Amino acid sequence: ADCAVLIVAAGTGEFEAGISKNGQTREHALLAFTLGVKQLIVGVNKMDSTEPPYSESRFEEIKKEVSTYIKKIGYNPAAVAFVPISGWHGDNMLEASSKMPWFKGWVVERKDGKMEGKCLIEALDAILPPTRPTDKALRLPLQDVYKIGGIGTVPVGRVETGVLKPGMVVTFAPAGLTTEVKSVEMHHEALLEAVPGDNVGFNVKNV
């Protein structure tokens, strides 16, 4: 994944449980960083069930605590959007909520400049798409190989580098088998080309 959205519950006792020593907020943030997910968005959810509802001080308290923790892990809090939301009522999900007039919006500062917005969808749109290594040689570790009646052999795996296209001649290691790719599919749809990150099945001749 290129980005993680960490959802933190703002309700009384809920946030405290998540940020405690073995809490899920800590665990999920650490997992994301350990798995190499470089970009993070924090959604402070259930703002409708704070005391009082839609409390600015509760949001600021959570933002401060989570910032301290994610900084320890290795994230830069200045590059993380913190958005107060209510998934149940739809506040600040797709458009700015009138129930949190105190929230002036999130700001993210990165090497390439500054991004800002009011709601969660804008924070998702502000993710930097990573560069895919399409210029390198094709590398596609196989996860499985299917024999499908009437179609033939269909290896399945994820493209790591390079590009896979129908008509290409590919070599399988360590057997050293070379054959032509007849077609490439992802989620039952034919592709003209598969790029790094795509999980694909491809049909090969006479294997």
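This is a predicted model: local features need pLDDT of at least 70, side-chain atom pairs count only at pLDDT 80 or more; totals for chains, interfaces and linings use all residues.
Tutor: Residues are numbered from 1 along each chain as its sequence is written, and side-chain values use heavy atoms, with hydrogens and water left out.

Student: How many helices and strands does the protein have?

Tutor: The protein has four helices and eleven strands. Both are DSSP runs numbered from the N terminus: helices are H or I with at least four residues, and strands are E with at least two.

Student: Why is the protein called more spread out than a compact globule?

Tutor: The radius of gyration is 23 Å, whereas the globule rule gives 17 Å for 207 residues; the value is well over the rule, so the protein is more spread out than a compact globule. The radius is taken over C-alpha atoms, and the rule is 2.2 Å times the number of residues to the power 0.38. Along the principal axes, the C-alpha trace spans about 70 × 35 × 35 Å.

Student: Why is Tyr-54 called buried?

Tutor: Buried means under 20% relative accessible area, exposed over 50%, and partly exposed in between (1.4 Å probe, protein chains only). Tyr-54 has a relative accessible area of 13%, so Tyr-54 is buried. Of the 207 residues of the protein, 38% count as buried. Tyr-54 lies in the loop between S2 and H3, and its phi is near 55 degrees, a positive value in a residue other than glycine.

Student: What makes His-187 buried or exposed?

Tutor: The relative accessible area of His-187 is 67%, and therefore His-187 is exposed. His-187 sits in the loop between S9 and strand S10 (189-190). Although not a glycine, His-187 has a positive phi of about 50 degrees.

Student: Which omega value accompanies the cis peptide bond from Glu-51 to Pro-52?

Tutor: For that bond, omega is near -15 degrees. Pro-52 belongs to the loop between strand S2 (39-45) and helix H3 (56-73). The peptide bond from Ala-173 to Pro-174 is also cis, with omega near 0 degrees; Pro-174 falls in the loop between strand S8 (169-172) and strand S9 (177-186).

Student: What share of the contacts with a separation of 6 or more comes from residues 24 or more positions apart?

Tutor: Such residues account for 59% of those contacts, where contact means heavy atoms within 4.5 Å.
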